[in-house]
Amino acid sequence: THSLLHFATRAFLDQSVPLYSFVMLSPDGSDDGLLRLWEVTNLNSKARVVVLPSSNLAQVHSQSSNALIAMSWAWWIAGTPTVVLSRWNADASFTTAFSSELHSNLRRSSDTAESVRQSMLKLRKSKDSTPYDWSGFMTLGEP
């Protein structure tokens with residue numbers, strides 16, 4: 001029922017079978033704690049945006065980006081039109097700063113792509129920022 005879902009955990013993207021990609025959650029007695037993309041497609045999400053700032057994308061650099069597309073597609077099927085994710089693992093403190101800035105911008109604007117852009121621009125100006133830190137974030141789906 002929330003308009004924003006933020007997963008402050010790793011997403012593992014499987015290039016060979018993209019729908020086996022998953023978000024790592026806490027396991028309980030009856031569940032392995034992995035939210036696989038094929039499970040996401042069965043959800044009835046009311047969120048306008050899903051944020052996945054930490055992804056394990058080691059395989060993506062040598063393969064196609066099918067798993068990135070699958071991540072967006074699965075949430076789109078579930079009812080969420082926009083996914084914000086990172087194409088690689090940035091520094092944890094930078095990811096935290098980006099997420100904080102993004103949430104602040106999303107509260108002021110309904111344009112997710114512009115909120116991501118403004119967050120990147122602000123953090124790009126910070127003293128210790130490098131392109132590796134801020135350029136990996138992307139918006140898939142509707143702006």
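Which residue forms a salt bridge with Glu114? Select Glu114 together with Arg117, and you have the two partners, whose closest N and O atoms are 3.1 Å apart; a salt bridge here is a side-chain nitrogen of Lys or Arg within 4 Å of a carboxyl oxygen of Asp or Glu. Both residues lie in helix 4, three residues apart, which is about one turn of the helix (helices are DSSP runs of H or I with at least four residues, numbered from the N terminus). Glu114 is partly exposed at a relative accessible area of 30%, and Arg117 is partly exposed at 43%, where buried means under 20% relative accessible area, exposed over 50%, and partly exposed in between, with a 1.4 Å probe and protein chains only.

The model is predicted, with local features needing pLDDT of at least 70 and side-chain atom pairs counting only at pLDDT 80 or more, while totals for chains, interfaces and linings use all residues. Residues are numbered from 1 along each chain as its sequence is written, and side-chain values use heavy atoms, leaving out hydrogens and water.

Next, select Lys122 and Glu101, whose side chains meet in a salt bridge at 3.4 Å, N to O. Lys122 belongs to helix 4 (residues 112–124) and Glu101 to helix 3 (residues 92–108), so this pair ties together parts that are 21 residues apart in sequence. Glu101 counts as buried, at 14% relative accessibility.

Finally, move to Arg36 and Asp32, which form a salt bridge with their closest N and O atoms 4.0 Å apart. Arg36 is partly exposed at 22%, and Asp32 is partly exposed at 46%. By the rule given above, the count comes to three salt bridges.

Terms used:
Helices (H or I, at least four residues) and strands (E, at least two) are DSSP runs, numbered from the N terminus.
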